[in-house]
Amino acid sequence: MAGKKTTTLPRKVYEPELLRLQTELVKLQEWVRAEGARLVVVFEGRDAAGKGGTIKRVAEHLNPRVARIAALPKPTERERTQWYFQRYVEQLPAAGEIVLFDRSWYNRAGVEHVMGFCTKEEYQLFLRQCPAFERMLTEAGIVLRKYWFSVSDEVQQERFRQRLDDPTRRWKLSPMDLESITRWEAYSRAKDAMLVHTDTSEAPWYVVESDDKRRARLNMIAHLLSTLPYHEVPPPVLKLPHRPPSTGYVRPPRDLQTYVPDHAADL
């Protein structure tokens, strides 16, 4: 069913607040590094719900040596024989690291279940094991946050159309995405069952309304920051040194090196 119409947040409101929140994310990053914390943020939701764009804004100004995105491809033949959670465990953060899961172990509760890529037994086993798995993570000291991005069928359809018409974004649209249109209710039932089994006190789900991508990004980032006891870590005192005088170095002739053509000069 189509959701209620959401007014797009004006850019003049969105951009300053996004920058302010991204500045806070940098402070959060430095706190994670200084405290040796381990932070996992799971991004889930329907296709074209705005997960990727939000992850991009979260990571935009962060140090990639501290914060990284885990977006795993489909499992290899060897990984298919492993314990289901095994390849995700390998992606978990060490002390002082942040991992942003662009889809996660919840693939089994969604696309694998709906599309028949796993058996009913494997699906039921996942629903039983997932709360225990996440409990083990939190008991080990990992900070886990899970966000479900909710989008109406009407807005999803329009975003799919935009991707078809935009050559820079067409790669985002796969046959699996188009299949999700015809299986909207099946995905809805799968999401409902997932929340019933895995929305726990140790690892609750937070739903992000994402018909307006700008609002969704700000709301998700603001909420994440509000749930963490971070504080500003004073940066080290740095001083730009004086450049020493020349000792006679002479740059080699330019014609000995191959330069990139000046494409910009022809614009």
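Ala 48 is buried, with a relative accessible area of 6%; buried denotes under 20% relative accessible area, exposed over 50%, and partly exposed the range in between (1.4 Å probe, protein chains only). The residue lies in the loop between β1 and α2, where helices (H or I, at least four residues) and strands (E, at least two) are DSSP runs numbered from the N terminus. Although Ala 48 is not a glycine, its phi is positive, at about 65 degrees. Most residues other than glycine have a negative phi.

The model is predicted: local features need pLDDT of at least 70 and side-chain atom pairs count only at pLDDT 80 or more, whereas totals for chains, interfaces and linings use all residues. Residues are numbered from 1 along each chain as its sequence is written, and side-chain values use heavy atoms, with hydrogens and water left out.

Ala 48 is also one of the residues that Arg 159 touches (heavy atoms within 4.5 Å), among them Gly 50, Ser 210 and Asp 211. Arg 159 belongs to helix α7 (residues 153-165). Arg 159 is buried yet has no salt bridge, and Asp 211, the nearest side chain of opposite charge, is 5.4 Å away. A salt bridge requires a side-chain nitrogen of Lys or Arg within 4 Å of a carboxyl oxygen of Asp or Glu. The side chain of Arg 159 does reach the backbone oxygen of Ser 210, at 2.8 Å.

A positive phi, near 70 degrees, also occurs at Arg 103, in the loop between β3 and α5 (111-114). Arg 103 is partly exposed, with a relative accessible area of 26%.

Methods. Lys and Arg count as positive and Asp and Glu as negative; His and the chain ends are not counted. A polar contact is a pair of N or O atoms within 3.5 Å; within protein, one must be able to donate a hydrogen and the other to accept it, and residues adjacent in sequence count only if both atoms are side-chain atoms. Lists of a residue's contacts leave out its neighbours within four places in sequence.
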